[in-house]
Amino acid sequence: MGGRIIDLHTHTMASDGTDTPAQLIEHAVEAGLSSVALTDHDTLDGLAEAEEAAGGKGLEFIRGCELAIYDPTFGELHLLGLWMPQPSQRMKAALADIQARRLRRNQEMVRRLCELGLPLVLEDVQAVAGGKAIGRPHIAEALRRKGYVTTIMEAFERYIGRAGAAFVPRELSSPREGISLLAEEGATVVFAHPCLDRDMSGEVLNDLLADFRGFGLTALEAYHSAHDAKSVRLCVRLAKKHNLLLSGGSDYHGRTKPGVRLGVGKGGMRVPYQLLETLRDDRRRRGLWV
Ligand code: AMP
Ligand code: ZN
Ligand code: FE
Ligand code: FE
């Protein structure tokens with residue numbers, strides 16, 4: 001069945017997407033997907049609803065999440081955990097800590113926005129969000145609802161993007177901490193969209209992969225909405241070299257990223273079904289649940 005469409009990177013309102021988990025499943029069925037992973041940022045809260053909604057629909061559901069790490073050369077990088085189990089005490093504590101850091105950071109960005117003459121309270125931001133993983137996309141939407149900006153892009157450019165006047169960086173764990181947290185949980189650990197927003201040279205990615213593999217990385221997300229053909233080729237080549245598996249997904253966020261559709265990204269993305277079989281085989285070989 002070469003026509004099977006899969007998507008191993010999606011978001012819902014549990015983080016910064018706009019679908020409820022049940023709506024994500026509805027949309028995945030409409031898009032004709034055979035498998036979908038929900039990988040919300042910093043929370044597992046959407047998984048139960050999505051898993052339940054997927055039951056009996058002929059759609060395979062994979063429990064996932066997305067965590068950010070900090071590398072001194074690149075800044076923020078992202079990991080996906082696929083086949084996330086019910087969280088261990090350690091994982092629960094780690095997620096609670098990440099969410100607490102987000103809260104403090106959001107408070108600081110709100111404070112800076114007020115100083116810049118844009119009166120705003122944290123409740124305005126929380127009113128936009130559906131879950132605990134609240135961040136800049138929600139602040140941007142709150143600014144838009146207040147009429148301070150016309151578009152989300154303007155909010156990032158003027159205020160909360162990297163160069164914005166109210167930007168506060170996140171406090172993130174190291175690659176070793178983030179990768180081992182997910183690996184020790186028994187998840188399949190994926191380095192997400194290495195070429196998103198950066199011109200990643202082969203040499204540099206090569207060195208990163210050597211380190212990350214040593215920490216417990218399983219796979220590289222070669223297929224992604226923001227990866228052009230050249231980035232895909234680079235990822236496939238280096239994954240092979242480092243004995244890493246491949247993964248792929250659209251990074252669907254609903255209306256937060258209007259141009260990105262389930263299964264096809266901006267239109268041209270196709271994630272080979274075989275890579276999911278290979279990820280599963282690897283888990284079976286390692287005695288992990290699938
Ligand atoms: P946070 O995790 O709170 O730092 O927010 C990061 C999210 O903001 C990313 O996942 C993007 O989806 C979104 N984002 C970052 N920069 C921009 C931008 N310039 N325009 C729109 N969304 C952005
Ligand atoms: Zn997101
Ligand atoms: Fe990401
Ligand atoms: Fe994502």
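Asp16 and His253 are both buried, that is, under 20% relative accessible area with a 1.4 Å probe and protein chains only. The model is predicted, so local features need pLDDT of at least 70 and side-chain atom pairs pLDDT 80 or more, whereas totals for chains, interfaces and linings use all residues. Residues are numbered from 1 along each chain as its sequence is written, ligands are numbered from 1 in the order in which they are written, and side-chain values use heavy atoms, without hydrogens and water.

Both residues belong to the site of the zinc ion (ligand 2), where Asp16 (OD), Asp16 (OD), His41 (NE2) and His253 (NE2) are the protein donors, at 1.9 to 2.4 Å. Donors here are N, O and S atoms within 2.8 Å of the metal (3.2 Å for Na, K and Ca); water is not among the atoms, so sites may look incomplete. Along the chain, the donors of the zinc ion (ligand 2) have the spacing D-x24-H-x211-H. Asp16 lies in the loop between strand 1 (5–7) and helix 1 (21–30), and His253 in the loop between strand 7 (245–249) and helix 10 (273–285), 237 residues apart. Helices (H or I, at least four residues) and strands (E, at least two) are DSSP runs numbered from the N terminus. The iron ion (ligand 4) is 4.6 Å from the zinc ion (ligand 2).

A polar side-chain atom of Arg136 is 2.8 Å from an oxygen atom of ligand 1.

Technical notes: Buried means under 20% relative accessible area, exposed over 50%, partly exposed in between (1.4 Å probe, protein chains only). A polar contact is a pair of N or O atoms within 3.5 Å; within protein, one must be able to donate a hydrogen and the other to accept it, and residues adjacent in sequence count only if both atoms are side-chain atoms.
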